[in-house]
Amino acid sequence: MKHKVTLIKKGFHKEVSIEDGTSLLKCIQSNVNDFYAPCGGNGTCGKCRVNIQEEGGHVTSCLYPVERDITVFLPEKSEMKVLASQYELTKMVALSPGESAQLVTIPYGVAIDIGTTTMVFYIVNLLLGAIVDIVTLVNPQSRYGADVISRINYGHENPKHLANLQTPMIDAINAVIQEYCKRTDVGIDDFVKISVVGNTTMLHNLLGIDAISIALAPFTPKFTTAQLIEPQKLGIDINLKGAVVLSPSLSGYVGADILAGLASVDTTKLKDNFLFIDIGTNGEMILVTPEKTLACATAAGPAFEGANISCGMGAFSGAISAFNDGEMKVIDDITPKGVCGSGLIDIVAYMLKASLLSPEGNISEDFILFKADREEENITLTQQDIREVQLAKAAVYAGIIRLLNIAGKSVDDLDHILLAGGFGNYLNISSAITIGLLPNLPRSKFIHIGNSAGSGAVLALKSEQFVEQIEKMKEYIQYIELSTDSEFPLEFAMNMNFDID
Ligand code: FES
């Protein structure tokens with residue numbers, strides 16, 4: 001029996017007919033030249049994922065036998081580049097998941113990256129070390145506030161609220177595992193280990209611990225060390241003798257996601273001085289030099305996540321995600337509904353270059369990006385939106401400069417800047433430099449490393465030693481609390497303007 005496979009990417013559309021049961025990766029590789037599958041189809045790298053319309057989401061193409069007619073959306077070049085650099089820079093670890101992996105013949109585990117906005121699950125066959133599925137969900141806590149502070153305040157109000165924050169995350173974990181078991185012949189008891197990374201507040205919420213101390217000076221979390229927990233204590237439905245491991249955090253605002261992300265990077269492939277940066281609501285960064293390793297978090301505000309911007313939205317369908325000389329790119333090529341972070345940075349850079357925006361950040365009139373049939377549906381950037389961008393970019397840049405100053409280094413000493421996280425992936429580096437969010441360095445020094453927190457969670461699942469390495473790494477990282485740093489306010493103020501060359 002044969003099936004029709006429709007392969008689609010920008011400027012490419014091909015229909016092919018293949019035998020029942022053929023690996024989708026094989027089908028793609030025989031028809032597309034530059035498809036990236038770095039582990040050669042062994043199922044270990046998780047980089048050959050494609051979106052299948054009929055499955056309603058992504059699958060790992062090398063582990064997917066074609067058994068019906070399907071339409072496959074292939075990743076674009078820039079996405080492939082990120083996947084390539086993420087894979088090349090990810091550390092290799094020996095498979096040693098720990099005692100729980102001895103419980104069954106073919107053990108499975110789940111690595112989870114809990115972000116404020118999304119939860120990403122990597123299901124891993126722990127006998128092979130292969131990622132067999134990846135699931136992304138909106139963090140169900142979002143209904144209790146978009147940012148960590150509002151969720152901390154909500155949870156602090158009473159124990160019932162804490163449970164409201166914890167339970168939906170546990171339910172989501174159980175649902176992802178159950179769903180996988182339904183689709184395959186893997187049983188619930190075959191799941192023996194869960195590894196979790198996330199920002200410090202999310203980890204507190206997952207354990208049902210009041211995180212109020214993170215919101216109040218001196219911003220000390222209730223725990224930062226790795227946690228080993230029995231699954232049933234959390235209500236996680238896997239093998240009763242299995243284990244749940246939370247990776248270590250550094251501070252209230254430099255969480256396990258950042259530490260595991262940095263630890264996942266094979267630094268032997270890098271030169272001496274580099275900056276690891278993940279920009280979201282906070283700009284979290286770690287400067288690594290031969291003499292010192294320094295970390296800080298800047299309150300960038302949610303502008304780059306689309307919040308506090310009149311036409312802002314997340315990087316979802318209908319968001320303007322890129323803008324170049326009046327040409328815009330809209331996610332899913334539909335009528336634009338708003339602007340996400342990467343688009344916002346491009347637009348402000350364009351306005352600066354076109355002298356529609358002064359170095360002080362003033363505009364003479366609102367900038368209309370998209371004229372809709374009804375005026376109130378126009379997509380427009382206002383003076384207040386520009387101010388939000390100024391605050392966010394000044395905070396991030398000032399954080400970078402403070403770390404460099406404390407380390408006795410200058411911007412020119414940086415050999416690499418590693419851009420982690422979803423926003424970092426889509427960021428146009430030239431635009432980020434133009435608006436003064438990132439230092440003006442040769443583009444070759446910037447490396448998009450994709451979801452390094454996810455890579456770190458997978459490594460922590462595969463290797464007990466990896467978690468120990470993170471604990472050790474913490475010992476030599478010095479955390480700089482910028483809210484009490486006497487130089488930070490001046491640096492922040494000095495970077496508010498746009499510096500137009
Ligand atoms: S090619 Fe590596 S997981 Fe498929």
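Two residues are in contact if their C-beta atoms, placed from the backbone, lie within 7 Å. With that criterion in hand, the reader may follow how the parts of this predicted model pack together.

Strand β22 belongs to an open sheet of six strands, which has mixed pairing and the order β21-β20-β12-β13-β14-β22. Because β21 (446-450) and β22 (477-479) stand at the edges and each has a single partner strand, one side of each is left without a neighbour in the sheet. From one strand to the next, the twist averages 20°. Within this sheet, strands β13 (residues 283-288) and β14 (residues 293-298) run antiparallel and are joined by six bridges. One of the paired positions links Gly283 to its bridge partner Thr298 in β14.

Strand β11, in turn, pairs with β9 in the parallel sense over four bridges. Here Ile194 has Val244 of β11 as its bridge partner. On strand β9 (residues 191-198), eight of the eight residues are buried, so the strand is largely enclosed by the rest of the structure. Strand β9 also runs parallel to strand β6 (residues 108-114), to which seven bridges join it. In this pairing, Asp113 stands opposite Val197 in β9.

The largest nonpolar core has 123 residues, of which Tyr122, Val339, Leu418 and Ala457 touch the most other members. Helix α10 (residues 383-407) gives the most to this core, contributing 11 residues. At least three residues of the core come from each of domain 2 (99-258) and domain 3 (311-381). Leu418 illustrates the packing: residues up to four places away in sequence aside, Leu418 touches Val265, Phe274, Leu275, Phe276, Ile277, Ile447 and Ile449. A second core of 15 residues is separate, and includes Leu7, Ile28, Cys62 and Ile70.

Tyr397 counts as buried because it has 25 C-beta neighbours inside 10 Å, where the cut-off is 20 or more. Apart from its neighbours within four places in sequence, Tyr397 is in contact with Gly436, Leu437 and Asn495. Asp333 lies 64 residues from Tyr397 along the chain, and the C-alpha atoms of the two are separated by 32 Å.

These details may now be set within the whole. The protein has 15 helices and 22 strands, and is divided into domain 1 (2-75), domain 2 (99-258) and domain 3 (311-381). Taken over C-alpha atoms, the centres of domain 2 and domain 3 are separated by 36 Å. Along the principal axes, the C-alpha atoms of the protein fill a box of roughly 65 × 55 × 45 Å. The radius of gyration is 23 Å, which agrees with the value near 23 Å that a compact globule of 501 residues would have. Buried residues make up 47% of the 501 residues. Of the contacts with a separation of 6 or more, 67% are between residues 24 or more positions apart.

Note on methods. Residues are numbered from 1 along each chain as its sequence is written. This is a predicted model: local features need pLDDT of at least 70, side-chain atom pairs count only at pLDDT 80 or more; totals for chains, interfaces and linings use all residues. A nonpolar core is a set of buried Ala, Val, Leu, Ile, Met, Phe, Trp, Tyr and Cys residues joined through C-beta atoms within 7 Å. A residue is buried if 20 or more other C-beta atoms lie within 10 Å of its own, exposed if 12 or fewer, and partly exposed in between; C-beta atoms are placed from the backbone. Helices (H or I, at least four residues) and strands (E, at least two) are DSSP runs, numbered from the N terminus. Domain bounds come from an automatic or database domain assignment. Two strands pair if DSSP finds at least two bridges between them. Axes are lines fitted to C-alpha atoms, for helices over the stretch in contact, and angles run from 0 to 180 degrees between N-to-C directions. The radius of gyration is taken over C-alpha atoms; the globule rule is 2.2 Å times the number of residues to the power 0.38.
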